[in-house]
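Please look over the sequence and the structure first, and keep both at hand while reading.

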Amino acid sequence: MKIGILSRGPQNHSTRSLSEAAFKAGHTAEVLDPFGFYLHIGNDNSRITYQGKPAEDFDVLIPRLSRTTVRYGEEVVAHFEWIGTPVVNRARSIVAARHKFHSLRILAQQGLPIPPSLTVGSAAFLEDTVAEMGDYPFILKPFHGTHGTGVMLLDTPTSLTSAVDALCDLHEDYVIQPFMAEAGGVDIRVLVVGGKAIAAMKRSAPVGEFRANVHRGASGEAVSLPDAYTDVAIRAAAALELEIAGVDLLQTNAGPVVLEVNPSPGFEELESVTGINIAGAIVEFVTAFARDRA
């Protein structure tokens, strides 16, 4: 089977591991820069080329799109879908998951537990509105972002209002959420593949940091999840129609809460702490997915 891996980082651990796992399983794999594609639309000439050559012979496509590549990459994925190539994940699901506020709305519509979340167009009535959500501090997150980039912890009305005023002036969209102190700078990353939770780890922020992102120095350890946490992670991936997803959960006094869902999750640390061959599991699922749609 010929597998296309849509990624700008051929040396990225997850991308490289997927490519190696594909070869070990007897398949061919090609890492494809999304910006190398030309998308052709016409009544009798609808096609896709890569670096000047036809690119319509892939059996399945695995998108690994970052925040900076998702806008054009989504068009590439949608074009592959249009010409009939199976893709894991689909374009609309990637876009929905990448947009933090939109994805939270979908999760809430499906009855999944999420943090109280707010977005605003001005700071005019901010103080009264956030009072309904809880006490300070509050967290601000950009609509689009990864690795904790752009996330702010604000602990006074003045700091929150000033930040929101500045962001509105810059036409930047942010989600406001209460900081859940009981989570204690810890979250749980669950990797869901084909409707199954195949690996999980607890991520703990370093001293002085509130973001439990590995890229921010967080440490990871393997965990065995209670059924309630596994169920919520699987349902969150299904709500966003993602076959592959990294679901981040918070442990709260009320139970698991979905923090966000990543449609292109990295898994280097997760493989390291769990010892699970995640790349192999993904390739096994993706190839079965493609065969079912052949």
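Helix H6 (residues 157-169) lies across E7, E8 and E9, running at about 15 degrees to E7. Here helices (H or I, at least four residues) and strands (E, at least two) are DSSP runs, numbered from the N terminus, while axes are lines fitted to C-alpha atoms, for helices over the stretch in contact, and angles run from 0 to 180 degrees between N-to-C directions. The model is a predicted one, in which local features need pLDDT of at least 70 and side-chain atom pairs count only at pLDDT 80 or more, whereas totals for chains, interfaces and linings use all residues. Residues are numbered from 1 along each chain as its sequence is written, and side-chain values use heavy atoms, with hydrogens and water left out.

The strands that H6 lies across, E7, E8 and E9, belong to an open sheet of 3 strands with the order E8-E7-E9 and antiparallel pairing; two strands pair if DSSP finds at least two bridges between them. Its edge strands, each pairing on one side only, are E8 (152-154) and E9 (174-178). On average, and with direction ignored, neighbouring strands of this sheet are turned by 25 degrees against each other. Strand E7 (residues 138-142) runs antiparallel to E8 and is joined to E8 by 3 bridges, and Phe138 has Leu154 in E8 as its bridge partner.

A further helix, H4 (residues 100-109), lies across E7 and E9, and runs at about 55 degrees to E9. Within H4, the residues Lys100, Phe101, Ser103, Leu104, Ile106 and Leu107 are buried, where buried means under 20% relative accessible area, exposed over 50%, and partly exposed in between (1.4 Å probe, protein chains only). These buried residues of H4 pack against H3, E7, E9, helix H7 (227-239) and E14, with contact taken as heavy atoms within 4.5 Å. After H4 comes Gly111, whose phi is positive, near 80 degrees.

How much space lies in the largest cavity? Rolling a probe the size of a water molecule over the atoms shows where empty space is left. On a 1 Å grid over the protein atoms alone, a cavity is a set of points where a 1.4 Å probe fits but cannot get out, and a pocket is an open set with protein on both sides within 12 Å along at least five of seven lines; lining residues have an atom within 4 Å of a point. Grid points are joined across faces, edges and corners, and a volume is the space filled by probe spheres set on the points. By this rule there are 3 cavities of 30 Å³ or more, and the largest cavity holds about 70 Å³ of space. Residues lining the largest cavity include Thr119, Leu140, Val164, Leu167, Cys168, Tyr174 and Ile176. H6 and E9 are the elements that give two or more residues to this lining, and H6 gives the most, with 3 residues. By class the lining of the largest cavity has 7 nonpolar, 1 polar and 2 charged residues, where Ala, Val, Leu, Ile, Met, Phe, Trp, Tyr, Cys and Pro count as nonpolar, Asp, Glu, Lys and Arg as charged, and the others, Gly among them, as polar.

The second largest cavity, with about 50 Å³ of space, leads back to H4, from which the largest share of its lining, 3 residues, comes. Lys100, Ser103 and Leu104 are among the residues that line the second largest cavity, as are Lys141, Val175 and Leu259. At least two residues of this lining are supplied by each of H4, E9 and strand E14 (255-262).

Is Glu74 buried or exposed? Glu74 counts as buried because its relative accessibility is 19%. Leaving aside neighbours within four places in sequence, Glu74 is in contact with Leu65, Thr69, Ala91 and Val95.

Ile282 is buried, with a relative accessible area of 3%, and, apart from neighbours within four places in sequence, is in contact with Leu18, Val193, Ile244 and Phe267. The C-alpha atoms of Ile282 and Ala21 are separated by 8.8 Å, although the two residues are 261 residues apart along the chain.
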